Amino acid sequence: MQQGRRLAGVGALWLGAVGCLMARPGVAAEFSADIVVDHSAPTALHVADQAVRIDAPTGYFLTKGGVALFVRPGKQMFTDARQSTSLTQWFIPVDPDSPCAQWRAAAMNAGVAGSDGEWLCEKIESAPRSRWRVTPPGQSSRECWIDPSLRFPVRIQMSDGTSLSLENIRPGAQSPELFTIPAGFHKLDPQSLIEHIKRSDVWVEPPPQ
Amino acid sequence: MRKKLGLSAVACAVSLIAATAGMAKDEVKDPDAADAIKTESPIKHVIILIGENRGTDHTFGVYRAKGRHQTISNLLSKGIVNADGTPGPNFKLAQQFAVKPQPLYYIGAPRNAKTAYGDRGQMPQPNTNGAPSAQSVSGAPFPPGFPEAANQVDPSPDFGPNTNTILTTGATNLPAKALDTRVPDAGMLPNGPFVLQGLNISDDDYTGDMTHRFYQAWQQSDCSMANATKANPTGCLNDLFPFVMATFALNDSVTPAVQGNFSQGNEMGFYDAEQEQASTLKTLADRFALSDNFHQSFQGGTGANHFMLGTGDAGFWSDGKGNPVTPPANQIANPNPAKGSTNKYTADNNFSNCSDFSQPGVAAIVGYIESLPYRAEPNCAERHYYMLDNTNPGFFPNGFQAPNPATQSMLPASSVRTIGDALNDKKISWAYFGGGYNDAVALSDEAVAAGTAMTQNSSTAMGAAALADPSHELGVAYCQICNPFQYASSIMGDSAQRKAHMKDTVDLLADIKSNTLPAVSFGKPDGLLDGHPQSSKIDLFEAYVQQVLDALEANPKLKAETAVFVTWDEAGGYWDSGFIQPIDFFGDGPRIPLLVLSAYTTGGKVSHDYADHVSILKFIERNWKLRPLTDRSRDNLPNPRMRDDQPYVPKNMPALSDLWDMFDFDHAVKQPYLE
């Protein structure tokens with residue numbers, strides 16, 4: 001019982017904190033779906049109140065308002081997601097009529113090199129889904145389909161043919177606990193671990209050139 | 001470059017989803033294939049577990065042999081210290097010296113240039129160096145509750161029942177690079193070894209590291225035939241340990257307070273096994289077999305010693321096809337003292353062409369090797385620049401070959417034959433199980449996709465990948481230089497070989513459980529658990545060992561035909577009182593412990609036969625009927641014939657035991673490892 005109260009408390013704290021950081025692009029629907037990359041096994045996605053949860057083998061990703069985290073229940077820790085997966089940069093709530101601002105912000109928050117440059121975004125179809133050709137700086141173009149009712153991308157076709165798509169979309173309320181970081185979880189900073197490992201023989205510093 | 005960033009991100013997404021699918025597969029239980037292979041002994045499996053940086057006197061300096069009629073050569077038996085760790089009647093046998101400035105690098109200091117330190121703090125004193133000052137959620141020691149909580153849901157080699165408490169303890173609560181006041185009497189310690197035990201320090205505490213590199217280690221050993229005696233016919237006095245640490249990087253024109261005081265006197269610290277320190281290792285020594293004449297095979301550090309363990313030889317800079325070439329100038333060592341300094345190395349780099357006596361530092365060692373009263377050869381091939389100190393392999397953990405090893409400071413792909421190649425030839429199963437390997441592969445994939453693997457050193461590129469992908473951050477704790485096979489073209493350049501033989505600790509535990517353990521297994525913990533001073537603790541390596549032993553205990557049939565070798569890569573710069581048999585330009589170095597755990601090595605035996613890392617290769621070769629790896633590898637050396645009057649000195653030097661003497665294959669004894 002005590003754990004449940006703390007869960008809610010921490011979750012509210014996280015959602016509240018990230019809420020300040022975003023420009024609301026409109027209200028996305030509440031739903032769950034499967035993300036399928038080509039023909040691989042699907043992974044679960046949940047969307048509610050502008051927050052997105054994407055499940056992964058060892059945990060789950062949470063994004064909201066440009067903040068993306070990777071939560072590892074098995075180790076009771078979480079980290080910034082950064083570029084752990086591209087899914088957190090693309091499967092986010094967007095404005096169907098102007099999605100690139102949100103994608104650009106997500107890429108910048110993930111630290112993708114050059115993402116603060118100019119993005120080429122061309123709307124090539126309006127209905128039934130808005131369809132965009134998007135070229136991030138220094139990257140190849142991709143086509144993105146956005147469901148206007150969900151205000152959410154439902155398919156991304158990379159230039160190399162790789163396809164990421166939402167399947168089995170199931171509208172409906174999502175449990176708030178899906179989007180929380182449980183109480184007592186610690187945030188890990190990879191830079192600190194690197195500094196710790198530099199004190200051992202594992203890390204080999206190259207000699208000055 | 002930027003285009004590849006996009007591909008990287010997609011690759012991550014694909015790998016995450018693919019991994020989900022993989023998790024759903026049922027575990028496959030195969031019969032023990034290694035059983036079918038004919039062996040010289042009843043041993044069908046060996047597991048070699050390798051810790052980091054502990055010497056024999058450092059670990060077992062105060063240990064009384066448990067076995068009947070067994071003796072051990074250590075600080076206690078020599079009277080250097082008493083059973084409580086205090087100075088003993090022969091404490092002066094361990095005294096350390098300073099040396100007046102000399103014009104060139106030396107390994108046997110002139111007697112008239114040496115002065116013993118005083119007994120009231122004049123010897124360089126222990127300091128905290130880079131040991132963690134406080135608990136941190138981002139690196140050990142973690143806050144209380146953190147690893148324990150993690151273990152509730154996801155036991156793993158890093159956060160498991162054996163480690164969850166001790167990963168939270170041991171911070172120094174002192175500043176970095178400060179006098180380690182946890183050591184009783186620190187600041188006033190006499191000239192000799194001191195016990196790492198007191199109200200504020202034990203084997204559960206992080207302690208300061210010290211430099212342990214090739215030229216420094218030879219100099220610390222202070223070997224000269226002018227020092228030779230009947231009991232010590234190679235004349236290595238081991239009496240310059242703190243001095244070299246205090247001077248090799250000391251710029252005399254700058255005060256120590258300004259430039260930092262390096263690792264100073266940490267070399268002289270030791271644990272008292274008779275007072276519950278390193279108690280798991282002591283219990284294993286009591287019940288099984290311990291060697292007190294086992295040595296690190298290479299003077300210096302981690303990479304070269306692991307390389308020798310896998311090849312019986314030294315690596316060298318090449319064109320990636322086996323032909324020697326000269327490395328970049330910033331890789332070539334010059335240990336000659338800088339002008340005006342006491343002993344500051346001119347260029348403390350990693351490679352030397354030891355076939356050329358005019359190269360800095362070479363003549364001192366080669367001259368000594370050639371002066372030995374037995375047929376030792378430098379074993380330095382012409383035009384070969386040998387890897388003397390830590391250099392990352394030319395392959396990333398995922399098999400990507402660095403395209404510019406010279407600018408990436410990575411050893412070009414090696415053609416030196418490994419024990420893995422020899423086992424492959426005979427279709428004998430083997431694997432290297434490195435902690436954090438799976439995450440390191442993921443980070444490597446991302447470094448390749450990001451393009452950083454094309455230009456950066458693998459540590460740097462994987463570190464950057466970890467910052468971008470924190471979900472695989474443990475990959476930075478995987479030890480690349482500890483894996484001798486990661487240097488080898490024959491293994492890393494072949495995806496099927498990598499898949500078959502390059503594994504993670506989780507795979508070792510799974511293989512033991514599922515009865516699919518290879519015949520020969522090398523196990524290396526990640527950087528949090530490897531026992532390395534400063535970044536780890538001796539009890540964390542004990543916990544790693546115990547985890548493997550617990551898994552074996554749960555599989556009695558496998559345990560009955562398995563020998564577990566527990567050893568270390570090197571002594572880590574810790575001083576040791578033992579005899580050293582120099583074999584070639586590269587070593588041997590100081591003693592390190594070797595424990596052999598099997599049904600045929602019970603009773604607390606202590607073996608005195610001279611041995612080093614290559615002895616483990618010799619055991620494997622004898623048991624599985626393999627030939628020496630090459631015509632120049634150390635496994636060609638004969639077994640030692642030991643002297644009755646000097647039980648640590650072979651009659652037929654240079655010689656290396658194949659460790660057969662530690663076994664009694666006529667008597668199998670069932671007993672638990674630790675319970």
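The side chain of B:Gln125 reaches the backbone nitrogen of B:Gly187 at 2.9 Å in this predicted model. B:Gln125 belongs to the loop between β3 (114–116) and α3 (146–153) of chain B. Its relative accessible area is 10%, so B:Gln125 is buried (buried means under 20% relative accessible area, exposed over 50%, partly exposed in between, with a 1.4 Å probe and protein chains only). Not counting residues up to four places away in sequence, B:Gln125 touches B:Leu179, B:Asp185, B:Ala186, B:Gly187, B:Met188, B:Leu189, B:Gln264 and B:Gly265; contact means heavy atoms within 4.5 Å.

Residues are numbered from 1 along each chain as its sequence is written, and chains are lettered from A, with ligands numbered from 1, in the order in which they are written. Local features need pLDDT of at least 70, side-chain atom pairs count only at pLDDT 80 or more, and totals for chains, interfaces and linings use all residues, while side-chain values use heavy atoms, leaving out hydrogens and water.

**Confidence**

The predictor gives the complex an ipTM of 0.87 and a pTM of 0.85. The pLDDT is the predictor's confidence in each residue, from 0 to 100. Chain B has a mean pLDDT of 91, with 90% of its residues at 70 or more; for chain A the mean is 83, and 86% of its residues reach 70 or more. In chain B, pLDDT stays under 50 over residues 1–29, a stretch with 50 contacts beyond four places in sequence. Residues 148–156 of chain B also have pLDDT below 50. In chain A, residues 1–26 stay under 50 and have 40 contacts beyond four places in sequence. Where pLDDT is low, the predicted coordinates should not be read in detail.

**Organisation of chain B**

Chain B holds 19 helices and 20 strands. Helices (H or I, at least four residues) and strands (E, at least two) are DSSP runs, numbered from the N terminus. Of the 675 residues in chain B, 66% are buried. Among its contacts between residues at least 6 apart in sequence, 76% join residues at least 24 apart.

Helix α4 (residues 214–221) of chain B is mostly covered, with 8 of its 8 residues buried. The cover of these buried residues includes α5 (241–247), β8 (334–337), β9 (345–347), β10 (351–353) and α9 (362–371) of chain B. B:Asp222, with a positive phi near 55°, follows α4(B).

B:Ile80 lies in the loop between α2 (56–60) and β2 (97–99) of chain B and counts as buried at 2% relative accessibility. Leaving aside neighbours within four places in sequence, its contacts include B:Pro193, B:Trp575 and B:Ser577.

**Helix packing around α13(B)**

Helix α12 (residues 437–450) of chain B packs on α13(B) at an angle of about 95°, with the axes 8 Å apart. α12(B) is therefore roughly perpendicular to α13(B). The α12(B) side of the contact consists of B:Ala440, B:Leu443, B:Ser444, B:Glu446 and B:Ala447, and the α13(B) side of B:Ala461, B:Met462, B:Ala465 and B:Ala466.

Helix α13 (residues 458–468) of chain B also meets chain A: its axis and that of helix α4 (residues 190–197) of chain A come within 9 Å and cross at roughly 150°. α4(A) is therefore roughly antiparallel to α13(B). Here A:Pro190, A:Gln191 and A:Ile194 meet B:Gly463, B:Ala466 and B:Leu467. Axes are lines fitted to C-alpha atoms, for helices over the stretch in contact, and angles run from 0 to 180 degrees between N-to-C directions. Angles under 35 degrees count as roughly parallel, over 145 as roughly antiparallel, 65 to 115 as roughly perpendicular and the rest as oblique.

**Backbone geometry**

| Site | Backbone value |
|---|---|
| A:Ala127 to A:Pro128 | cis, omega near 0° |
| B:Met653 to B:Pro654 | cis, omega about -5° |
| A:Asp49 | positive phi, near 50° |
| B:Gln534 | positive phi, about 85° |

A:Asp49, in the loop between β2 (43–48) and β3 (51–56) of chain A, is partly exposed at 48% relative accessible area. B:Gln534, in the loop between β16 (520–524) and α17 (538–553) of chain B, is buried at 6% relative accessibility.

Terms used: A polar contact is a pair of N or O atoms within 3.5 Å; within protein, one must be able to donate a hydrogen and the other to accept it, and residues adjacent in sequence count only if both atoms are side-chain atoms.
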